[in-house]
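Have the sequence and the 3D view open as you read.

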Amino acid sequence: MPWITRGLARGIVTTGYPRRPDGYDPGFCSTVVVDPDHDVDAGLADVATRCPTGAISVDEGRARLDRGRCILCGRCSELRPDVFRLDPAYETSVVGRSKLVVPDLDEDDATLEMTRAHLARRVKALRRSIHIRHVDAGSDGSEEWEVAALTNPIYDVQRLGIYFTASPRHADVLLVTGLGSAGMVQPLRHTYDVMPHPKVVIAAGVDAASGGLVGRGYAARGGIEELVPVDVYVPGSPPSPFGLLHGILLSVGLLPTKASPGTGSSMERATGRLFPEGSPRRNAR
Amino acid sequence: MTNETTTAQTPEAFISSVTDRVNQGNRFCGLFASPRDHGTRLLAVVATDERLILDEVVLPTGVGEYPSLTPGVPAAAWYEREIHDLYGLDAVGHSEPASLIFPFPPGSERPRPGSGEPLGAIEPDTTPLPAHLSGEGVFTIPYGPVRSGVFESIEYLVETPGEDIPYLRTRVFYKHRGVEKRFENMDVENGVLLAERVEGVASVAHAIAFCSAIERIVGMEISAQSGMVRVIHAELERIANHLDSTLRHTEAAGQAVAYARLTTHKERVLRLQSQLCGSRFGRGVVVPGGVTAPPRLETGQLLAAVTELESSIRGDCRLLLATPSFVDRLRSTGVLSPELAQLNAALGPVGRGSDQMEDVRFTRPYAGYRHLGHQLLEPRVDGDALARQYIRLEEMWGAFHLIRQAADELDRAGSPRGNRWSEVVEPATGEAIGWAEAPQGEVLYLVELDGRRLCRVKPRSASFHNLALFPATFPKNILTDFVFIEASFGLSIAGVAC
C-alpha cells in the first residue's frame, strides 16, 4: 500500500522528447563537431595520428572525423579546440555508414537517398507498434545499461509504442551492441534470420559500427557490418539513451520532422550556451 | 616488480609455495601468464591482510604443461582454464580442464597476449557440451547466449529433472573480444581508454587499477586532490551498480513501483556522473598521473545533489526491506556458504555476504581512501541473496558518506600546485600490479611497461573471479530463483570474458 502513494509522489518525470527537445545535462557530450571552415593546416596530421581509434583523417590539410569510430575521448578537441569540439547534440544517428563521417561527403548522396527511401518503404507497415530484439555481440557492458534505461520512467519508450521483446519472431527491429565477437557471429545471424519481414537493424555504438577501440582481432570482427545488414548507426561509446531513442525513431520513420534537425542550428545553440569558449573538457589541466 | 617476488626453480616448488601461502590463511587473488624470451612465466598473486605476495616460475619453451594448482587451491580453477585457452598450457590434474574463455579449435595457434605476435581471425569451436548428469527425466535447458531481455550474452546450461537445479554450467566465450591481446604495444594514454572498456559498468575502477599500476612502475604519487576526485567518481559508480543489482531484484519480484523508482534513481546517478565529468560512466576522468579535471559542479551543488539522492534512495530501500513479498524472494535464495566463499576467495559484495569482509579500499588503500574515514560493515554469514542485498545497501550509504568527505576535502585543499591535476608520467620500464575495489569487488591489473609502451596488460575483474562460484549456489534452489541469484551476484560478463 505505501508503494501506491510513493509511486505518485514524484509526479511526471518523463521526457517530452521527441515532441520537443529535452534539456538534458549540460555536462553531457555525445558527439564531436568538426568546424567545416577550419584553416587548412599541416599540423592536423599529428592530431590524426594521436586519435586512439584512427577516426580522424586529413586530406589536403582538411580534417574529417568518422563518428563511427570516435569514442569521445576528447583528445582532438583538447589538442585543437579551434577545429574539433565536443558537443552535447544527441540526434546523431544516421542511415548509411558514410553519413557518420563529418563534415559531409556530398558525392554519394544519390545512393544514400535510395537507401533511405528503401528503408522508409520497408518500415511503412510497422506504424506505431515497434518491437525490438536486443542482441549483445560483444559489448563492454555499458551499452546494455543505456539500452535498458529506455524503459525507465524518464525515457519510457512504451509511450511511443516501442517495446522490447524476448522472441525474435515478434521483433521488427534488431538492436545490436558490441563489436561482433567471434562467438556471437552465429547466434546473431540466427536471430536475424528468424525475424519476420520487414526487419530493421540498428548498430548501437561505435563498437557495433566499427569495432571501436578494440577493433579487429582474433576474436573481434571489427563491428557487425559483415555479419548482418545494418540500416541505422548510432554513434557513441556507449551511445546515450537519447541517442538510442533517436536511432530507433529514425529507423522506423517515427521521428517528427520539426524536432529532428540533427545538425545545425539547435546544436549550435546548445553549444553556444554550454561552452562559450569551445570545449572546456581538458582546459583545467 | 615493486612487490617482493619469489622465483621458484621448478613448477612443483612454485605450486607448493603458493599452496602453502593459501593454507596459511592468505587469500588467493589470481594466476597469470606472460610470455618470456625463452618460455612462459606463471605469476601467482596472494593477498595477506595488508599486502600482495607474488610467486613466479618460468616454463621453458617446449614445455606444454605444469602440475595443476587447483587440487590444493580451488580458486585457481578458472585461471588455469584461461591460461589453457590463451597460452595453450595444460594444468595436469585439473578437475575440469575444458576451455573457458575461448574454445580454440584443436591445433589452433594461441594468442599468447604480450608476445607481440599478430594472430588472424579464429572461429571458435562451438561443439555442444555433453550433459553432466544422467538419470530419468533429467534434461538440459540451454539459456542464452541471446537471452530474454536486455542482457549481456552468456549461456547457462541448466541440468534439471524439472524444478530443482542440481547442476548448472556457464559458457562465457560468446563475448570474448581479445582485449588482452589488444593492449599489446599500446601507449599508456590509449591503454587507460581501453581499460575503461574492459568492464564498461566499472570503468572508473578499472581505470584506477590500471593507472595505479603505471604510477607504481614510474614511482610517482598523484596529488591528494586528484585522489579525492578519483574517490568521488568511483563511489558514484558503486552507487549506480548497487542500484542496478537492487532494481533487477525488484523487477524479478514484480515490485513495479519500486522498480520504476529505482531505475529513475539510477538514471539520476548516471546524470550526476555526467554533470561532473561529461561521461555517464565517468570515462576520461582517471588518467596516469592523476585526473583530467576536477568535478565541474561547485562543492555546494555536488553536496546538495548527493544529499537529495541519498534521501530518496534510502526512503525507497527502507520500504523495500519492509515489503515481505520482496524480502521473501531473497531470503535463503542462492546460498553461498562462508566456507565455500573462503575456499574460493570470493570477492566484493558476494564475498561480504558470506563473511569475507575484505575491501581493498581500506585494507590496501589507494587514491584518496587512506585519508577518509569509513564505516565498518556488520559481518553477514547467511550467504543468501538477501545478505548480499543488505551489504549492497550499506555500501551505498558508505559511498555517499565517502563522496561527502572527499568533496569537503577537495574544497578545503583547493587546486593542486600549479593547477596541475595530473602529473607528467615519465617513461619507465618494469612491472607492477594495480588494484581498486570495483562495485563487483577487487579489480587487479598486472602491467608490464617498456618506456611508454605496454608490453603486457592483464586485467582481472572481480566478475571473472566470482562467476566461477555462481553454479555452487544453485543446489536446493528452483528455476524461478535463477534471476534473483544472477542479480544478487551483480556481475558484468564483459569483465569475465574480455
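How many residues lie between strand 13 of chain B and strand 14 of chain B in the hairpin they form? There is 1 residue between these two strands. Please keep in mind that this is a predicted model. The notes below start with chain B and then turn to chain A.

- Strand 13 covers residues 441-451 of chain B, and 9 of its 11 residues are buried, so the rest of the structure largely encloses it.
- Strand 12 of chain B, residues 428-438, pairs with strand 13 of chain B in the antiparallel sense over 11 bridges.
- A hairpin of 2 residues links strand 12 of chain B to strand 13 of chain B.
- Within this pairing, B:Ala428 sits opposite B:Gly451 of strand 13.
- Strand 13 of chain B also pairs with strand 14 of chain B (residues 453-460), again antiparallel, here over 7 bridges.

**The open sheet of chain A**
- Chain A has an open sheet of 6 strands in the order 5-11-10-9-7-8, and its pairing is mixed.
- Its edges are strand 5 (94-95) and strand 8 (162-164) of chain A, each of which pairs on one side only.
- Strand 5 of chain A pairs with strand 11 of chain A (residues 232-234) in the antiparallel sense, over 2 bridges.
- Opposite A:Val95 you will find A:Val232, which belongs to strand 11 of chain A.

How values were computed. Residues numbered from 1 in each chain as written. Chains lettered and ligands numbered in written order. Predicted model: local features only at pLDDT ≥ 70, side-chain atom pairs only at ≥ 80, totals over all residues. Pairing = 2+ DSSP bridges. Helix = DSSP H or I, 4+ residues; strand = E, 2+ residues; numbered from the N terminus. Buried ≥ 20, exposed ≤ 12 C-beta atoms within 10 Å, placed from the backbone.
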